[in-house]
Amino acid sequence: VGTTYGPVTAARTYDAFISYSHAVDGRLAPALQQALHEFARPWHRLRALRVFRDEASLAANPGLWSSIEQALAGSRFFILLASPEAARSEWVAREVRYWCQRKPLANLLIVLTGGGIVWDGNAGDFDWEQTSALPPTLRGRFRDEPRYVDLRWVQTTQDVWLSHPRFRVSVADLAAPLHGRSKDELVGDDVRRHRRTLRLARSVVALLASLVVLAGFLAVNAERARDAAEREALVANSRYLAAQAELTIDSDPARSMLLSVAASRLKDTDEARRSLLHQMARRRALRGFLHGHTDMVFGVAFSPDGRTWPPAASTRP
Amino acid sequence: VILWDLNRRRQRATLTGHTAEVSGVAFSRDGRMLASAGDDNAVILWDVARHRRQADLTGHTGDLADVAFSPDGNTLASASADRSILLWSVNVGALPERLCRIVNRDLTKAEWAYVLEGQSYRTTCG
């Protein structure tokens with residue numbers, strides 16, 4: 001039986017194709033697929049992106065290859081869940097090879113789930129002595145070190161909920177190229193969507209409040225429901241602020257720290273506590289911020305007695 | 001790290017997260033937090049009741065040898081082969097105030113409105 005090579009007509013199109021080792025990432029892959037479907041999803045759509053993931057193992061049924069080939073042909077991006085097991089998998093290698101031969105390499109995204117990836121700047125290739133997570137078929141393909149999303153920290157199923165700040169950041173990283181937009185824009189969208197949800201929640205609260213007036217005998221129950229709704233909103237906002245703090249931890253440290261504090265003030269959630277501890281672990285050497293300048297600051301000096309320490313007076317060189 | 005239930009004499013939970021040998025553990029005084037030190041240069045804080053990883057304290061550049069909580073429970077000390085002892089603030093209740101002192105300002109109305117539009121402004125560090 002010969003295999004026919006030629007243009008494969010894409011019956012369906014996908015935004016991305018997930019290639020992974022069923023043995024080690026059998027649980028992470030579907031969670032990631034779900035998260036990509038959900039992240040930055042407009043309310044009127046079923047999913048934000050269409051992501052293909054083969055549920056049946058190819059190793060068990062090699063006859064599936066032609067359908068896999070079609071899915072590959074119809075996908076815009078290729079997401080490789082890189083791990084030592086995936087690197088050894090014949091089927092992952094086959095999918096990667098297919099992609100490298102016919103599709104743009106820039107659209108191959110790497111998610112590290114185990115093992116290591118080491119780039120050798122001098123050789124202009126991965127250091128294959130130390131790289132255990134990539135299939136050898138990627139040897140010599142990249143000219144510059146590709147960026148990858150590190151998910152090696154994921155352990156429990158709770159780590160792969162979108163409400164988990166760190167996972168959300170990773171999903172935003174991954175989703176940005178798929179949406180063809182910057183991560184900041186996507187996060188901005190996310191903020192707007194959250195606002196809409198809040199507005200909706202508030203109108204529900206208002207509706208419940210008017211129910212109280214209309215139906216006196218239901219008053220107690222409705223009030224209880226409204227309290228519950230408000231509590232829910234506090235928890236949701238606290239988690240949301242913690243996630244925002246995490247997203248801006250490097251780009252805007254001061255605001256990020258304040259958001260962590262605000263999260264914990266709203267409600268003492270797990271996410272808020274984790275965020276506070278993360279801030280302290282990050283800022284161990286930071287003594288403080290000095291504010292007041294309204295323009296770029298070009299110099300800094302201590303006064304000789306060390307008692308006052310204004311940044312140099314001039315904000316101009 | 002394995003948590004043992006002494007009353008029933010059996011394992012209660014296994015806490016996994018370190019990627020190298022674990023060399024020391026310490027419970028906080030209130031028993032709610034557990035700190036573990038590993039040869040992966042990291043200290044991990046665990047939520048004892050929920051068996052969950054609460055935070056990674058990274059900063060050491062060598063194997064960890066031991067960890068200890070201060071008697072008041074506010075500070076954790078970690079000893080390492082990198083010849084340093086690092087002190088960590090682990091009193092979550094006191095952290096908001098400390099962070100506010102460091103940042104030295106409050107969340108502005110504009111910042112508040114950007115993330116929590118429609119919610120009436122409340123001071124965060126006031």
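Asp270(A) and Arg52(B) form a salt bridge, with their closest N and O atoms 3.5 Å apart; the term denotes a side-chain nitrogen of Lys or Arg within 4 Å of a carboxyl oxygen of Asp or Glu. Across the interface of chain B and chain A, the rule finds two salt bridges. The model is predicted, local features need pLDDT of at least 70, side-chain atom pairs count only at pLDDT 80 or more, and totals for chains, interfaces and linings use all residues. Residues are numbered from 1 along each chain as its sequence is written, chains are lettered from A in the order in which they are written, and side-chain values use heavy atoms, without hydrogens and water.

**Interface**

- Chain B contributes 42 residues and chain A 38 residues to the contact (heavy atoms within 4.5 Å).
- About 3,700 Å² is buried between chain B and chain A, 60% of it from carbon and sulfur atoms (accessible area, 1.4 Å probe, that two parts lose on being put together, summed over both).
- On the chain B side, Leu99(B), Ile102(B) and Val115(B) lose the most area to chain A, together 17% of what that side buries.

**Helix packing**

- Helix α10 of chain A (residues 270–282) packs against helix α1 of chain B (residues 95–103) at an angle of about 45°, and their axes lie 10 Å apart.
- Leu276(A), Leu277(A), Gln279(A) and Met280(A) of α10(A) meet Leu95(B), Pro96(B), Arg98(B) and Leu99(B) of α1(B).
- By class, six nonpolar residues, one polar and one charged make up the contact of α10(A) with α1(B).

Terms used
Axes are lines fitted to C-alpha atoms, for helices over the stretch in contact, and angles run from 0 to 180 degrees between N-to-C directions. Helices (H or I, at least four residues) and strands (E, at least two) are DSSP runs, numbered from the N terminus. Ala, Val, Leu, Ile, Met, Phe, Trp, Tyr, Cys and Pro count as nonpolar, Asp, Glu, Lys and Arg as charged, and the others, Gly among them, as polar.
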